[in-house]
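Reader: Please take a close look at one part of this model, a pair of packed helices. I would like to know how the two are arranged and which residues bring them together.

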Amino acid sequence: MPDPKVEPVILNIGPQHPSTHGVFRLRVTFDGETVVDVEPIMGYLHRGSEKLAEGRTYVQIVTLTDRMDYTASMSNNLAYVSSVEKLAGIAVPERAQYIRVISAELQRIASHLMATGFLLNDLGALATPLMYCFRERERILDLFEMLCGARITLSYMRPGGVLQDAPPEFWPALNTFIQDLPGYLDEIENMISDNEIVLTRTRGVGLLTDAQAINGSITGPMLRASGVQWDLRKAHPYEIYDRLDFDIPIGALGDTFDRYMVRYTEMRESVKIIEQCIRDIPEGPIRTATPFFIRPPVGEAYASVESPKGELGFYLVSDGGISPYRCHVRAPSFINITTLRDMLIGWKMSDLIIIFGSIDIVLGEVDR
Amino acid sequence: MTRRLLGSEVASRINESVPGAVIDSNQTDVRITPASILDVANFLNQDDTLDFSFLTSVTAVDYIESFELVYRLLSMRNNHSVIIKSRCYGRDELAVPSVVSIWQGADFQEREIWDLMGIRFDGHPNLKRILLWEGFPGHPLRKDYLGQDEGLHRPEDIDA
Amino acid sequence: MDLFQNGLLNFQNVYSIFDWLLPDALDWLAFTLAGGLIALVVINVMVMGTGLYTWFERRVIGRMQARLGPNRWGPYGLLQPIADVLKLMVKEDTVPALADRLVFNIAPVILLVPALLVVAVIPFGTDGTGPSLGNLNIGVLFIIGVTSVNTIAVLAGGWASRNKYAMLGAMRGVAMLVSYEVPMALGLIGVVLIANSLSLFEVVRAQSVPFLLVQPLGFFVFIASASAEMSRTPFDQIEAESELGAGYHTEYSGMKFAIFQLAEFMAPLVTSIMTTVLFLGGTNGWGPIPGQIWFLAKVFLIMFTLLWVRATWPRLRIDQIMGFAWKGLFAMALINIFAVAIEVMLLQDQKTGALTSSDLWLMSVINWGVAIVTIVAMVKLFARKQWERPVPTPSPLANMYAEAD
Amino acid sequence: MYGLGLAKGLTITMKNMLKPGRMFTLHQYPDRKIGLIGLAKMAGTNPITYALKQPKKAIRAMLSLESVPDSMPQHSRFRGEEFSWYEERCTGCASCAKYCPLGIIRIVTHPSEKAVDEGDKYVLDVFDIDMGRCMFCGLCVEACPYDALHMGSGFEEGKYSRRDLVIDKQHLNDAPKRPSTWFRPQLEGQGFDPKSEEVMDWTKAGRHEKPSIEEQQDRWTQR
């Protein structure tokens, strides 16, 4: 009997799909349920931010950076603004640095809550952990609304400091949030971390060894989950991170469960950081006076920050004018999916969804 | 802190193993000829005292008469970094050897530079446009790219 | 006091009314009319019950997820199911261009009919009477036969909509539903052994001690495979929202989708009714409360646990589900049958073959021991080493504290 | 092991179900269903007297058919939609138009006959903001040297066609002036709450003293 003609199924896990975290397309070749070949296709959300940036002044680009990684716009602002300060040589007052670190760490908690919630949602837990995570994230967005009037696209930081000091009712609200959060985090963790179904579904799935991660320029929780202890806040401390003591969690095997666990423990570290910042934030000005149209001297500068997704860097080249000659963004989400193809091949369709979910990319940053 | 190695210090090391690659080097970065990118990258990656095992980013900047490629390298074990630059002159049919064989992380970034800047990378496994669709005319991030920038709004839209 | 002892809806009473009305020659017409009336009542009760169940499920899962659940339409959101049905009626009923039209249209009906059929043999009345259509003396066999029809519906729905996601859902559905028929049937053999007959009325009568206590392993096997039959978490790989969009009914909209949803939400209702009859002693209950109230309370209890599980646990992967069926449930069912068979053989008094409740209590003690031992042995046997969490050690490739030498 | 993790998960969902107080970030907008106790508390009496006084409302409340308008809690710094613009303070210098990243503010002025020392240099003919394309980043409010333009505090300005979204001078003038305190610390100092009914007069809306020439130069050019 001639062997039956078996054809692999080519399936478009297309730009419109419940768990691609935005408009990302995976052209997957299946043999039954197992993945044979994967080709990521992106660019559906490409707005040409780098070309737009060349036509705008240095402060107007701050509103552009919010829209890149729309789940962590505070870290985007921080990265861009520190790059401009390095370029134009602007000093930042103490109090502004403390407020920047507090808001960046709050943004990290919000982004990690979102990542954990959606990973559990992809696992099929019918949005219950997602709702608990979003309930906490709502409280962080309310804090941001107190700081800068917006919840998602904040554009709160300016070259030279922070736009506006925190209102008096911000500090008690922040204190209650910091006191409550560990309790709710334990609750969510109890629900997930020793759940046998979660363990069987995520343990040992989507492995990434430390050599592969380094060679693939992976940064952020994904790199730390593979055992590589590398975090810009410790390796290349910016703002006031060198004064704070917190430790960097790492994973053991580099599988989906470790990526989830690293993000989880990082949230607890962020709470510790915020507590220290609240304790010793000094009084004083929050912004050094900079003209509306900054004209930095001719030259270039690269500043990078540990955003929730990884190392987010801005490379600014200035020709002395009021807008940058070239503004390149080193986007962590864009580079973290380089090894996606090697991580997916051989796994089943359900694993493909969780491995991709555990990388935690945001399409605004991938396509810029 | 991540220590930035002095350009001259790295340049001398490169000259020993890949003669003639270095054009000049200043305080922050090392400038090398486009043809020698692959050999220099190989050396920097293999050498065990420098050990640049991590490629932070690959960027291209359009300086009208020439394109400058900026490789930002980092050694995680000894926590130091270096910037390697190389200029290729001319506007069209620019080709530069690809470093994907050494650092897999450069794969998407080089495709993005080809897609938006128009610099071809020889030896890249599948050099295709990554952000724009295949039939897109021209490379938008070039300074001389004048897109069909009709206003964001056509007049007839306004009275809709 | 019992509402249905010889109340209105017993088949004999209804048939005798019609027989008195019509001339003797037309007794066949009286028979069909009586059957038709009872069927009408039962189907309406089930459909309204499903509507109520959807409201109950969305409210309870809402509360579990720290939100309110439907409260806009009608008192406490009670009109929400009606609002859903009206919305789906008004919605356009699209059929994919390449769809296999005939199969596409029949699939929802095939799924709905078995769920309704099962209710026909359920003994609602206490000790043997009740509105059900017939005192079928092979009730358990009928249930097993009818509930396996939904595999065809899933395959028909998935295949006919010519959509790769639906096809994947259908293939998974067929594999899972067929392989969970076996443990479901084996789980019931323990019940039949003790009740010494296949008729559901006998099963209810034999349950002086609820079979849940008597054979916990059989109950666990039945509940697990029943929740897999209706593809509820943790086995809902058929319409896994995160992977396949909506599984086999991705391409359905409008009234066809409404029927699919009706069947899908009727399944937990029917399963909890089956479980109450088979394992919790349908209408037996002490105290002045009538049997039916006990029946509804037990159905409510089972429904709530199914909801509770659906709101909390994630999904298993399709090959893990299959492994669990054949390696886990199949073995447990066999052990359960083996244990119950020995106990029945020893404890049964020879002539009448009846088991007194003291025998049942003795059996339950033994069976609980057997259940715990089997589960611990199963976990030891199959627990992969993934479950421990090794202590992470920083890899030598990176040292972020390395200062300038 | 042995399904204990699964059981722990179940207890957490049950705990959340039994504790309604945990829905603290939940706001029912635009109206909130209210029960008999809530209605009685709003009316200030205890439930029984309230039920006797208004039986019809009480029964409806018990059946949860009663609902009360509810608004989203907002901080006074909320960057809302309806811009508050004071024509008396605006001199037509168009710094806001220059500073807007999207360039959607259109200003047309002509020099007025009055002399400079009488304080009137330009007469504004057109001042419209295309709210259809505005992203409410607030840079225009930051750039205004005379605190004439303030962010609004509402978000219910939806219209049916893009043309109506372009708000013109007339619309800006007669809109009620409830400016948000975003980038206006002096409003925060006065404890002004944009959600309340009171309207902000143009004299109190900004810093009284005109920004000095140095400060303006410092803002716009590198001295």
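Author: In this predicted model, helix α2 of chain C, residues 27-64, packs with helix α13 of chain C, residues 291-312. The crossing of α2(C) and α13(C) is right-handed.

On the side of α2(C), the residues that take part are Tyr53(C), Glu57(C), Val60(C), Ile61(C) and Met64(C). They meet Met303(C), Leu307(C) and Ala311(C) of α13(C). Sorted by class, this contact between α2(C) and α13(C) holds seven nonpolar residues and one charged residue, with no polar ones.

Three strands of chain A form an open sheet in the order β6-β7-β8, with antiparallel pairing. β6(A), residues 299-307, and β8(A), residues 326-330, are the edge strands; each has a single partner strand, so one side of each has no neighbour in the sheet. From one strand to the next the twist averages 10°. β6(A) and β7(A), the latter spanning residues 310-318, run antiparallel and are joined by nine bridges. One bridge pairs Ser307(A) with Gly310(A) in β7(A). Helix α3 of chain A, residues 73-88, packs on this sheet and touches β6(A) and β7(A). The direction of α3(A) makes about 150° with that of β6(A).

Key:
Residues numbered from 1 in each chain as written. Chains lettered and ligands numbered in written order. Predicted model: local features only at pLDDT ≥ 70, side-chain atom pairs only at ≥ 80, totals over all residues. Pairing = 2+ DSSP bridges. Helix = DSSP H or I, 4+ residues; strand = E, 2+ residues; numbered from the N terminus. Axes fitted to C-alpha atoms, helices over the stretch in contact; angles between N-to-C directions. Contact = placed C-beta atoms within 7 Å. Left-handed = near helix turned anticlockwise from the far one by under 90°. Nonpolar A, V, L, I, M, F, W, Y, C, P; charged D, E, K, R; others polar.
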